[in-house]
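These are my notebook entries on one protein chain. I set down what I looked up, in the order in which I looked.

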Amino acid sequence: MFSNYPQRVYNWLLGLVFPIRCLGCGKFDNYVCRGCLGAIIVKKNFECIGCKRNTHLGQTCYLCAKTNSLDQLLIVADYKNSLVEKIIKFLKYKFIPDLEHPLSILMKRYLKWLTLNKKFNVFEANPLLVPIPLHMKRLNWRGFDQSDLLAKNISDTFQMETANDVIKRTINTVPQVNVKERKERLKNLNGVFKILNKEKIIGREILLIDDVCTTGATLNECAKILKANGASKVVALVIARG
Ligand SMILES: [Zn+2]
Ligand SMILES: [Zn+2]
């Protein structure tokens with residue numbers, strides 16, 4: 001049983017008393033109405049995971065490649081868009097898994113834009129979709145893993161293979177958002193992830209899926225162990241960089 005059961009009951013009761021309203025405009029019926037979702041613009045510029053400078057299609061720049069293991073970072077939307085920030089926060093901290101739906105739509109819109117306007121097809125090398133895992137303890141508490149939901153949705157739509165059993169989070173870390181110092185953030189992640197089912201990743205390109213990237217330490221740590229275990233390339237697709 002999920003340990004945040006009281007929160008779930010509370011959400012359910014709240015839904016009875018206060019019907020669902022759009023997080024953007026307050027209109028009743030949906031968490032994000034069609035109009036507000038349609039108004040969110042996908043991000044048109046790319047940045048290096050390390051120095052945040054503009055790079056071609058978000059590839060890690062030459063200098064940062066020495067210390068950053070991720071090869072390429074793709075960011076779907078701008079965290080400065082208050083509705084994007086709100087959707088992510090409500091999904092994660094108010095336990096509303098339904099909000100995965102608008103985020104998946106945004107992700108798909110972004111991938112379409114990438115393919116049509118930038119002529120970059122993220123699926124060309126037949127990558128394996130891998131969601132950044134939560135620790136079991138936090139998964140039990142929240143009741144769902146938002147990255148896993150996103151990866152499943154994308155894989156269903158594009159018929160891509162997904163695997164939520166290749167990276168395991170062995171230690172329940174303090175959320176990166178709460179760790180201020182960069183050095184502390186990196187130390188916070190040391191040895192946190194473990195590779196399982198290595199045969200699935202050998203020689204494969206990996207597409208990591210996550211909701212938010214902050215310093216990029218989590219993505220880099222995952223990319224590092226994936227490559228150390230045989231992955232040929234690691235690209236990350238995230239909703240926003242906060
Ligand atoms: Zn709305
Ligand atoms: Zn750089």
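**Entry 1. Basis and confidence**

I am working with a predicted model, in which local features need pLDDT of at least 70, side-chain atom pairs count only at pLDDT 80 or more, and totals for chains, interfaces and linings use all residues. Residues are numbered from 1 along each chain as its sequence is written, while chains are lettered from A and ligands numbered from 1 in the order in which they are written.

I looked up pLDDT, the predictor's confidence in each residue from 0 to 100. The protein averages 89, and 90% of the residues score at least 70. Among the elements, β1 has the highest mean pLDDT (98) and helix α7 (residues 182–189) the lowest (66). I take helices (H or I, at least four residues) and strands (E, at least two) as DSSP runs, numbered from the N terminus.

**Entry 2. The sheet**

I asked in which order the strands of the open sheet lie. The four strands follow the order β1-β6-β5-β2, with parallel pairing. I count two strands as paired if DSSP finds at least two bridges between them. β1 and β2 are the edge strands, each pairing on one side only. Direction ignored, neighbouring strands are turned by 25° against each other on average.

β1 is joined to β6 by four bridges, and Leu 73 stands opposite Ala 236 in β6. β2 is likewise joined to β5 by four bridges. There, Leu 128 has Ile 206 of β5 as its bridge partner, and Val 130 stands opposite Leu 208.

I compared each helix with its expected span, 1.5 Å times one less than its number of residues. α4, with 18 residues, reaches 25 Å from its first C-alpha to its last, close to the expected 26 Å. Its buried residues include Leu 103, Leu 106, Met 107 and Tyr 110. The cover over the buried residues of α4 includes α2 (34–39), α3, α6 and β6. Just after α4, Lys 119 takes a positive phi of about 55°.

The twelve residues of α8 should span 16 Å, and the end C-alpha atoms of α8 are 16 Å apart, so the two agree. α8 lies across β5 and β6 and runs at about 165° to β5 (axes are lines fitted to C-alpha atoms, for helices over the stretch in contact, and angles run from 0 to 180 degrees between N-to-C directions). Among the buried residues of α8 are Ala 217, Leu 219, Cys 222 and Leu 226. Gly 230 follows α8 with a positive phi near 115°.

**Entry 3. The nonpolar core**

A nonpolar core is a set of buried Ala, Val, Leu, Ile, Met, Phe, Trp, Tyr and Cys residues joined through C-beta atoms within 7 Å. The largest one has 53 residues, of which Met 107, Leu 208, Ile 209, Ala 236 and Ile 239 touch the most other members. Elements that each supply at least two residues include β1, α4, β5 and α8. β6 gives the most, seven residues.

Beyond its neighbours within four places in sequence, Met 107 is in contact with Val 76, Leu 150, Ile 154, Leu 237 and Ile 239.

**Entry 4. Two single residues**

Is Thr 67 buried or exposed? Thr 67 counts as exposed because it has 10 C-beta neighbours inside 10 Å. Its place is in the loop between α2 and β1.

Arg 169 lies in strand β3 (residues 167–169). Arg 169 counts as buried because it has 20 C-beta neighbours inside 10 Å. Leaving aside neighbours within four places in sequence, the contacts of Arg 169 are Pro 133, Leu 134, His 135, Val 192 and Phe 193.

Key
A residue is buried if 20 or more other C-beta atoms lie within 10 Å of its own, exposed if 12 or fewer, and partly exposed in between; C-beta atoms are placed from the backbone. Two residues are in contact if their C-beta atoms, placed from the backbone, lie within 7 Å.
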